[in-house]
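I opened this notebook to record what I looked up in one chain, going from the whole fold down to single residues.

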Amino acid sequence: MKFEQSFCVVDADLRLLWVGGDWDDFALRNGGAACVANAVLSTPLTAHIHDPATADAVVAMVRLVQELQRPLKFDYRCDSPGEIRRFRMTIQPMRDGRALMVHDLRDAEQVAVPMVAWRFAAQATVNKCSMCCAIEHGTGWHDPMRLDLPHPEEVTFTLCPGCRARVARSMQATRSGTEDPETINQGFGAGFSFS
Ligand SMILES: [Zn+2]
């Protein structure tokens, strides 16, 4: 697995001051040509988040780090159709109200049969969690790899209840100065684990 890390620095108003690491490479390989460094610098962080639930959660986490001057860690999944990818986001306080957001690829797993290449569509009727990739179907949220259906082609993003709770736990860990032991795999049952 190629080591992969990208980062960005936001100012006190949550505008992107700097992006680096594998940012451009990752953007270009994942259909994000509009998100390369030169296109995003000095834009608001929230301009690059599709849904209000995710934007609110990210803003709340960064604001807490800025306020308390303590780091926050949060694990999330950002899959491509052919790969399950688990990342850790670490938000670190910086001087002058700035914050550093580092995204480390922890684990990547090729899937035997690639999923459909989904895309965001505001009018889509299927919810996908932006932080664990789960799909809302029937009465609950399901890992797309465990859904007995093809991945929907069009999705709209939000946060599933499990990830809302994980955001709250990560923020609580930052408030109390403890390490949050939770990982993104909890809630999906056995089968996925960080290596
Ligand atoms: Zn989720």
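**Entry 1: the chain as a whole.** I began with burial, and found that 25% of the 195 residues of the chain count as buried. I note here that what I am reading is a predicted model.

I then went through the secondary structure, which comes to four helices and ten strands, arranged along the sequence as β-β-α-α-α-β-β-β-β-β-β-β-β-α. The radius of gyration is 16 Å, close to the 16 Å that the globule rule gives for 195 residues, so the chain is as compact as a globular protein of that length. For its extent I wrote down about 50 × 35 × 35 Å, the span of the C-alpha trace along its principal axes. I also looked up the contacts between residues at least 6 apart in sequence, and 59% of these join residues at least 24 apart.

Entry 2: In which order do the strands of the open sheet lie? I read the order as 2-1-5-4-3, with antiparallel pairing. At the edges I found strand 2 (16-21) and strand 3 (72-77), each of which pairs on one side only. Neighbouring strands of this sheet are turned by 20° against each other on average, when direction is ignored.

As a reminder to myself, strands of a sheet pair through backbone hydrogen bonds, either parallel or antiparallel. I looked at one pair in detail: strand 1 (residues 5-10) and strand 2 run antiparallel and are joined by five bridges, and within this pair V9 stands opposite W18 of strand 2. The hairpin that these two strands form has five residues between the strands, and in it L14 takes a positive phi near 60°.

**Entry 3: helix 3.** Which helix packs on the sheet, and which strands does it touch? I found helix 3 (residues 52-68) there, touching strand 1, strand 3, strand 4 (83-93) and strand 5 (99-110), with its direction at about 30° to that of strand 4. Helix 3 has 17 residues and reaches 24 Å from its first C-alpha to its last, close to the 24 Å expected at 1.5 Å a residue.

I listed the buried residues of helix 3 as A53, T54, A57, V58, M61 and V65. These residues cover an arc of only 135° around the axis, which puts them on the same side of helix 3. When I asked what they pack against, I found strand 3, strand 4 and strand 5, and also strand 10 (154-158) and helix 4 (161-176).

Entry 4: Q69, which is not glycine, has a positive phi near 60°; it comes just after helix 3, in the loop between helix 3 and strand 3. C133, also a residue other than glycine, has a positive phi near 75°, and its place is in the loop between strand 7 (127-129) and strand 8 (135-137).

For C133 the count is 27 other C-beta atoms within 10 Å, and because 20 or more makes a residue buried, C133 is buried.

Note on methods
Residues are numbered from 1 along each chain as its sequence is written. This is a predicted model: local features need pLDDT of at least 70, side-chain atom pairs count only at pLDDT 80 or more; totals for chains, interfaces and linings use all residues. The radius of gyration is taken over C-alpha atoms; the globule rule is 2.2 Å times the number of residues to the power 0.38. A residue is buried if 20 or more other C-beta atoms lie within 10 Å of its own, exposed if 12 or fewer, and partly exposed in between; C-beta atoms are placed from the backbone. Two residues are in contact if their C-beta atoms, placed from the backbone, lie within 7 Å. Two strands pair if DSSP finds at least two bridges between them. Axes are lines fitted to C-alpha atoms, for helices over the stretch in contact, and angles run from 0 to 180 degrees between N-to-C directions. The expected span of a helix is 1.5 Å times one less than its number of residues. The arc is that of the directions from the helix axis to the C-beta atoms.
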